[in-house]
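Here's a quick briefing on pockets and salt bridges. Have the structure open while you read.

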Amino acid sequence: FSHAVHPAYLRLGPSPSLGDVEGEGGEAKRLIQGAPPGKVWAAKVALLKRTFQDTGRSTVESDGFATFVQDEGHWLKPYALHEVLCEEKGTADTSKWGDQARMTPSQIDSLSSPGGGKYVACRFYYWMQYLLHLQLKQVSDHASKKGVALVCGMPCAAGDRCDPWSRPEFFRDGRLLGSPPTVTGAGKINVGVAWGSASYDWERMGR
């Protein structure tokens, strides 16, 4: 399953053409402060893509990057390809992806590997996850020296993540999670909410 960290947590360092993007008066602050409500994440994505074009090449050609992609490819490639297809299709609803609504592991690997039709686009997501890996490791190492352990909670649902698309055999087909209707102390009925999150097949996962 995917180990991806949301790119919103990625801190960008200085780059030749953009300068100290997250420093005082940097490009990131100008973009985000000027973005309308609901568009902040889109502004950061645009900045990430510009930074990748500016400094990404040296990173993706490094030995550390190559080792990361090789060691983590089992989740990294499906995650990256899913993100690329979401952007191309204009929706995260994989049922609307036509022939790519369901893909085998070998098809995913072929498209997202060097020489594959989506490899160039996938490298942007490989790059982000590699930087997030390095930053999280730095934080984890610092915390460990201070006697602090970082603990991650286990998700109970997958939402529109890549896992139900790339590993459908571990999910209950057609079953989505939500919350049931509730009754308050005053007798008011709160309607239930459909989260739209895929439900894990815990029995299958436990085998």
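How do the residues of the lining of the second largest pocket divide into nonpolar, polar and charged? They split into eight nonpolar, seven polar and seven charged. Ala, Val, Leu, Ile, Met, Phe, Trp, Tyr, Cys and Pro count as nonpolar, Asp, Glu, Lys and Arg as charged, and the others, Gly among them, as polar.

This is a predicted model, where local features need pLDDT of at least 70 and side-chain atom pairs count only at pLDDT 80 or more, while totals for chains, interfaces and linings use all residues. Residues are numbered from 1 along each chain as its sequence is written, and side-chain values use heavy atoms, with hydrogens and water left out.

**Second largest pocket**
- Its volume is about 450 Å³. A pocket is an open set of points on a 1 Å grid over the protein atoms alone, where a 1.4 Å probe fits, with protein on both sides within 12 Å along at least five of seven lines; lining residues have an atom within 4 Å of a point. Points are joined across faces, edges and corners, and the volume is the space filled by probe spheres set on them.
- Of its 22 lining residues, Thr94, Arg102, Pro164, Leu176 and Ala198 lie nearest the centre.
- Helices (H or I, at least four residues) and strands (E, at least two) are DSSP runs, numbered from the N terminus.

**Largest pocket**
- This one comes in at about 810 Å³. Among its 27 lining residues, Ala4, Val5, His6, Pro7 and Tyr79 are the closest to its centre.
- Helix H3 supplies the largest share of the lining, five residues.
- The lining here is made up of 16 nonpolar, six polar and five charged residues.

**Salt bridges**
- The whole structure has six salt bridges, each a side-chain nitrogen of Lys or Arg within 4 Å of a carboxyl oxygen of Asp or Glu.
- Glu88 pairs with Lys118, with the closest N and O atoms 2.9 Å apart. The two are 30 residues apart and link distant parts of the chain, with Glu88 in helix H3 and Lys118 in the loop between helix H4 (105-112) and H5.
- Lys118 is buried at 19% relative accessible area, whereas Glu88 is partly exposed at 46%. Buried means under 20%, exposed over 50%, and partly exposed in between (1.4 Å probe, protein chains only).
- Glu61 and Arg57 meet at 3.0 Å, N to O; Glu61 is exposed at 54%, and Arg57 is exposed at 63%.
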